[in-house]
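The following report describes the architecture of a two-chain model. Please read it alongside the sequence and the structure.

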Amino acid sequence: MELFGLYNYWAFAVVLMTGFYAVITKGNLIKKLIGLSIFQSAVFLLYITMDKVDGGTAPIVQKGVTDQVFSNPLPQVLILTAIVVGISTTALGLAIVVRIKESYGTIEEHEIQNLDHYS
Amino acid sequence: MVILFAVFLLTLLVLTAVAIVRTENLFVAVMLTGIFSLLMAANFFVLDAADVALTEAAIGAGITTVLFLGALALTAEHEKSVSAGRWLSMGVVVVTTLILVYATFDKPRLGDPEAPVHLHVAPWYLEETPELIGIPNVVTAILGSFRGYDTLGELFVIFTACIGVLFLLSGPRGQHLPPDDMALSSTAHGLRHHLIPKVVGRLLIPFIVLFGFYVQFHGEYGPGGGFQAGAIVAAGIILYALLEGEAQALKAVPRSVLMGMVIGGAMLYGAVGIAGIALGGNFLDYSVLADNPVKGQQFGILVIELGVGITVCGALLSIFHAFAAREPV
């Protein structure tokens with residue numbers, strides 16, 4: 001089982017870079033935003049991975065139960081709020097994409113650059 | 001056993017991420033993001049983060065998908081493939097992944113109780129919460145009280161993002177149509193003529209909203225709180241809008257009420273902070289709100305969680321309506 005001790009971090013690295021690949025390679029602005037939210041989710045995974053303690057449980061104190069091991073509540077608080085802020089900023093990005101589509105008639109990056117270049 | 005399950009979930013997560021990036025049909029990509037979020041929520045749950053799992057399931061799998069679909073309806077469903085620079089970026093990504101994996105060999109193993117992150121301030125929170133705040137859920141205690149400033153800041157980020165979306169999307173094209181015209185537009189009818197979604201939806205919506213209220217007011221004792229509750233209630237009302245049409249949903253919860261919720265929730269949170277000053281304490285110091293400091297803390301957390309829930313629900317619904325009301329080009 002020792003072998004799997006770092007598996008979460010490897011999954012984090014791969015998912016992070018998959019999202020990053022979409023951000024830098026894809027020309028479609030919506031696909032870029034999807035890539036960005038995958039990237040963001042990978043960071044959430046990194047934080048939540050760090051909160052786990054062996055034999056621990058969710059940090060909710062039960063009356064009369066002693067000797068309970070709790071996982072770390074702090075990363076959970078940080079990520080809980082970050083998820084909600086993440087959706088708000090993604091929505092703002094999508095709103096900008098919708099306006100770009102209305103002004104340029106396209107959401108492909110190279111077509112937008114061409115239009116800018118020749119006008 | 002649990003670790004094998006976790007490895008299985010993480011592998012599925014990686015495969016879903018790759019599939020999302022590979023597909024050129026954006027509709028498929030958005031549907032896969034819903035699955036991605038649900039897998040992520042399951043992973044969070046395996047890692048003992050029940051509150052975060054609830055948030056991710058409500059927001060990631062529910063509301064994000066709807067917003068992306070709303071944006072797709074206004075833009076395009078297919079992306080055009082670009083081949084320039086693909087191999088270069090593939091190389092960059094592979095090399096960076098390998099460097100990151102190399103860096104993980106210095107990380108403490110999963111679940112190591114001696115990891116630096118568990119030795120600093122976290123034990124203090126776990127030890128002092130029952131005494132100082134007296135509520136079982138330590139995550140809610142930190143969110144509402146110990147790190148109350150942080151949460152206030154996050155709430156105003158959501159508020160600002162909502163205002164930004166409304167500014168961007170309520171221009172000339174986003175004008176609310178008069179009711180007669182609205183009846184003609186395609187979004188107005190929703191799925192009203194599809195019997196099965198309508199019946200199932202009508203059965204489910206009251207329970208979704210009820211569950212949202214439970215999560216709101218039970219957040220001190222179990223997983224939950226304002227952020228999750230706001231998202232769940234918003235999801236219930238969005239489902240109503242999808243089934244019965246946008247006009248019907250706006251009749252139930254008009255735009256003016258939504259704006260009042262966005263502003264009122266944030267102001268309620270701020271007002272609790274000011275009340276702390278007025279009663280002789282510090283900003284967002286709830287101890288002075290009642291005769292007994294512990295009671296004061298509990299009361300303060302209850303009220304600010306309510307403020308958070310109202311603002312999150314109002315903001316998500318306003319954003320949804322902003323996308324839904326806009327006419328496609």
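Leu284(B) lies in the loop that runs between helix H13 (255-278) and H14 of chain B; helices (H or I, at least four residues) and strands (E, at least two) are DSSP runs, numbered from the N terminus. The phi of Leu284(B), a residue other than glycine, is positive, near 60 degrees. Leu284(B) is buried because 22 other C-beta atoms lie within 10 Å. In this report a residue is buried if 20 or more other C-beta atoms lie within 10 Å of its own, exposed if 12 or fewer, and partly exposed in between, with C-beta atoms placed from the backbone.

The model is a predicted one, in which local features need pLDDT of at least 70 and side-chain atom pairs count only at pLDDT 80 or more, whereas totals for chains, interfaces and linings use all residues. Residues are numbered from 1 along each chain as its sequence is written, and chains are lettered from A and ligands numbered from 1 in the order in which they are written.

Asp48(B) also has a positive phi, about 75 degrees, although it is not a glycine. Most residues other than glycine have a negative phi. Asp48(B) is placed in the loop between helix H2 (26-46) and H3 of chain B, and it counts as buried because it has 23 C-beta neighbours inside 10 Å.

Gly134(B) is found in the loop between H5 and H6 of chain B. With 16 C-beta neighbours inside 10 Å, Gly134(B) counts as partly exposed. Not counting residues up to four places away in sequence, Gly134(B) touches Val294(B) and Gln298(B); two residues are in contact if their C-beta atoms, placed from the backbone, lie within 7 Å. From Gly134(B) to Ile238(B) the C-alpha distance is 36 Å, and 104 residues separate them in sequence.

Helix H6 (residues 138-146) of chain B is mostly covered, with nine of its nine residues buried. Among them are Val138(B), Ile142(B), Leu143(B) and Phe146(B). The buried residues of H6(B) pack against H3 of chain A and, within chain B, against helix H3 (50-74), helix H5 (122-132), helix H7 (148-169) and helix H14 (293-325).

The domain assignment of chain B gives domain 1 (1-81) and domain 2 (137-329); such bounds come from an automatic or database domain assignment. The centres of the two domains, taken over C-alpha atoms, are 23 Å apart. Contact between them involves 14 residues of domain 1 of chain B and 18 residues of domain 2 of chain B. The domain 1 side comprises ten nonpolar, three polar and one charged residues. Here Ala, Val, Leu, Ile, Met, Phe, Trp, Tyr, Cys and Pro count as nonpolar, Asp, Glu, Lys and Arg as charged, and the others, Gly among them, as polar.

Between the chains, 74 residues of chain A are in contact with 85 residues of chain B. Helix H1 (7-25), helix H2 (29-51) and helix H3 (73-104) of chain A each supply at least two residues of the chain A side. The largest share of that side, 24 residues, comes from H3(A). By class, the chain A side divides into 44 nonpolar, 21 polar and nine charged residues.

H1(A) packs against a helix of its own chain, H2(A), and also meets helix H4 (residues 86-104) of chain B. The table sets out both pairs.

| Helix pair | Axis separation | Angle | Crossing |
|---|---|---|---|
| H1(A) and H2(A) | 7 Å | about 160 degrees | left-handed |
| H1(A) and H4(B) | within 9 Å | roughly 155 degrees | right-handed |

Axes are lines fitted to C-alpha atoms, for helices over the stretch in contact, and angles run from 0 to 180 degrees between N-to-C directions. A crossing is left-handed if the near helix is turned anticlockwise from the far one by less than a right angle, and right-handed if clockwise. H1(A) and H4(B) are roughly antiparallel to each other, a term for angles over 145 degrees, while those under 35 count as roughly parallel, 65 to 115 as roughly perpendicular and the rest as oblique.

Residues of H1(A) that meet H4(B) include Trp10(A), Ala13(A) and Met17(A). This contact contains eleven nonpolar, five polar and one charged residues. Ala13(A) is buried, with 23 other C-beta atoms within 10 Å. Leaving aside neighbours within four places in sequence, Ala13(A) is in contact with Thr97(B), Leu100(B), Val101(B) and Thr104(B).
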